[in-house]
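This briefing is meant for someone meeting the structure for the first time. Please look over the sequence and the model before reading on.

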Amino acid sequence: MKISLRKKLIFLNLSLLFFVTVAASVISTYEIQKYYKTQILEQMSTQLEELEYLLANTELADLSQNLLFNFVQQTQMRISLIDSLGIVIFDSNVSRDSLRFLENHYTRPEIQMSLTKKIGYDKRNSASIHKPMFYTAKVFDRKSATGNPLLEKIYFIRLAIPLKKVKDVQKAVFWKIFSGGALALVLVAFISYFFANRLTFPIHKLSVVAESIKKGNLEAHFEHNKEDELGELADLLNQMLDKLRDDLVQLHKLEKMRTQFLGNVSHELRTPIFAVQGYLETLIQMKKVEPKKQKKFIKKAYRQTARLNSLLTDLIDISRIESGEMKMIFRNFNLSKWLNKIIDDMKETARENNVILAFVNKNDKNTFVIGDKNRLKQVILNLVNNAIKYNIPEGRVNVGYEQNGDQITIFVSDTGRGISKEHINRIFERFYRVDKERSRDVGGTGLGLAIVKHIVEAHDSRIFVKSEVNEGTTFSFSLNRADQ
Ligand SMILES: Nc1ncnc2c1ncn2[C@@H]1O[C@H](COP(=O)(O)OP(=O)(O)OP(=O)(O)O)[C@@H](O)[C@H]1O
Ligand SMILES: [Mg+2]
């Protein structure tokens, strides 16, 4: 069964109050009863003294005189007069003739107590009248009674009241306190109901908003107007929601990029495949055997398949780098020798494109760096190929490096057409080409620089580009220097 927080709060308050009320009633009843007992005792001892005075100062001929009965009537008490041996010589509740049947009273607790204390008292069932009674007794002060033989026999005077009277008062006290407690209980029930509502309402409000978020309303906002814990919670929830919204926007962006990438990939793949198809179709439909023409088409188709191959290689590289599947193997190696060899191998391509390619640090033989030689070769090949491809006839490409503290900065710079400001920030994106047609003519797919950037960043470095339209472009990145 689900019990609401509100009910729990009310129940907690009520049960707390219930226990407090009961405990307070019991304790105060006990204390008041104690106080009442001393009050009765005091009152009765005053009356004992009064009786003593009355006895001593009245000419008494007989103990059954009206005087004593008047006293009994006035005080509603039972009087017993007892001699020094414990024999009852007068009792307002026992007839004179029956007195001799009474037990000896010397051992009664109140009588014994009165021998050592000013007043003796006890609470018990009366053996003579069979009712619970409260007894007080006092040794009779006979100084003033000398001369009266009747009084000289009295040794103890005793007063008793039915306990019922005392009990009635105690009961009344208990009920007053208890009904006060019950009233308080009802009052607190109302108050705690009110507070429980006040406390749980904002929680309820939060859960209403949470519910609407659950249903997809991400624009929801947790309202609050208090700077208490619930306010803090609402603030935190709002912050959480903000973050969620941001993450979602990011996710949508990534998703969009993914679909765009997929679209680009299919488009790029389709272009060479269509071309190959076209050449093959032409070949199939040729009526006459024209070896020269046929060879031309076969060559064209072959070039397209080569392009398809390099495109797929690039795609595989990119996905392997991005998924973290491609692990770099860092080693020390001789940068001078390594670069010299790569540049030498590319000179032929440069010449074919009517570009002069030069290695600036030809005379240096002893510069060592740390990195993945194979991946870095891909970087240099891409950068130099671009520098050749996007150059002008008779243009130059310089490759070299400079020492930069603990690092070696490698650069590839050309005298080509340059890249304008609007494009420069985007050339590292996958498939991005400044001039789509021209780039495709020279065999580009726009993946080269994306791969370059990934590899350089895997070396904890960054790729920089500086370019001036119609003057040229310089790409550079740094590697950690190594000892020889
Ligand atoms: N040295 C450069 N001078 C002028 N433009 C450049 C240079 N290098 C790159 N670009 C521009 O940046 C674009 C992206 O280069 P990237 O190397 O990524 O692709 P690509 O060369 O077109 O194709 P791929 O390298 O995948 O074969 C190029 O299309 C070109 O427009
Ligand atoms: Mg390229």
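The notes below go through the domains, the sheet, the helices and a few single residues.

The model is a predicted one. Its chain is divided into domain 1 (5-170), domain 2 (229-321) and domain 3 (328-482). Between the C-alpha centres of domain 1 and domain 3 the distance is 120 Å.

**The five-stranded sheet**

- Five strands make up an open sheet in the order β2-β1-β5-β4-β3, and their pairing is antiparallel.
- The edges of the sheet are β2 (88-91) and β3, each of which pairs on one side only.
- On average, neighbouring strands of this sheet are turned by 20° against each other, with direction ignored.
- Helix α1 (residues 5-56) packs on the sheet and touches β1 (78-83), β3, β4 and β5 (154-162). The direction of α1 makes about 140° with that of β5.
- Helix α5 (residues 163-214) also involves strands of this group: α5 lies across β3, β4 and β5, and runs at about 45° to β5.

- Strand β3 (residues 120-125) is paired with strand β4 (residues 132-139) over six bridges, in the antiparallel sense.
- The hairpin of β3 and β4 has six residues between the strands, and H130 in the turn has a positive phi of about 55°.
- β1 and β2 are joined by three bridges, again in the antiparallel sense. Here S80 stands opposite D91 in β2.
- Four residues lie between the strands in the hairpin of β1 and β2, where G86 takes a positive phi near 100°.

**Helices α8 and α9**

- Helix α8 (residues 335-352) and helix α9 (residues 373-389) have axes that come within 11 Å and cross at roughly 35°.
- The crossing in which α8 passes α9 is right-handed.
- On the α8 side, the contact is made by W338, L339, I342, I343, M346, T349 and A350. On the α9 side, it is made by K373, L376, K377, I380, L381, V384, N385 and I388.
- Sorted by class, this contact of α8 with α9 has 11 nonpolar, two polar and two charged residues.

**Helix α12**

- In helix α12 (residues 448-458), the buried residues are G448, L449, A450, I451, V452, I455 and V456.
- These buried residues of α12 pack against α7 (291-322), α9 and β12 (472-482).
- After α12 comes D460, which has a positive phi near 60°.

**F475 in strand β12**

- F475 belongs to strand β12. F475 counts as buried because its relative accessibility is 6%, which is under the 20% cut-off.
- Beyond its neighbours within four places in sequence, F475 is in contact with L383, I410, F411, V412, I419, I427, F428, L449, I463, F464 and V465.
- For F475 and V465, which are 10 residues apart along the chain, the C-alpha atoms are separated by 4.5 Å.

**F297 in helix α7**

- F297 is found in helix α7. With a relative accessibility of 14%, F297 counts as buried.
- Apart from neighbours within four places in sequence, F297 is in contact with Y279, T282, L283 and M286.
- T282 is 15 residues from F297 along the chain, and the C-alpha atoms of the two are separated by 8.1 Å.

**Q277 in helix α6**

- Q277 sits in helix α6 (residues 229-285).
- Q277 and A301 are 24 residues apart in sequence, while their C-alpha atoms are 8.1 Å apart in space.

How values were computed:
Residues numbered from 1 in each chain as written. Chains lettered and ligands numbered in written order. Predicted model: local features only at pLDDT ≥ 70, side-chain atom pairs only at ≥ 80, totals over all residues. Heavy atoms only, no water. Helix = DSSP H or I, 4+ residues; strand = E, 2+ residues; numbered from the N terminus. Pairing = 2+ DSSP bridges. Axes fitted to C-alpha atoms, helices over the stretch in contact; angles between N-to-C directions. Left-handed = near helix turned anticlockwise from the far one by under 90°. Contact = heavy atoms within 4.5 Å. Nonpolar A, V, L, I, M, F, W, Y, C, P; charged D, E, K, R; others polar. Domains from an automatic or database assignment. Buried < 20%, exposed > 50% of the residue type's maximum accessible area, 1.4 Å probe, protein only.
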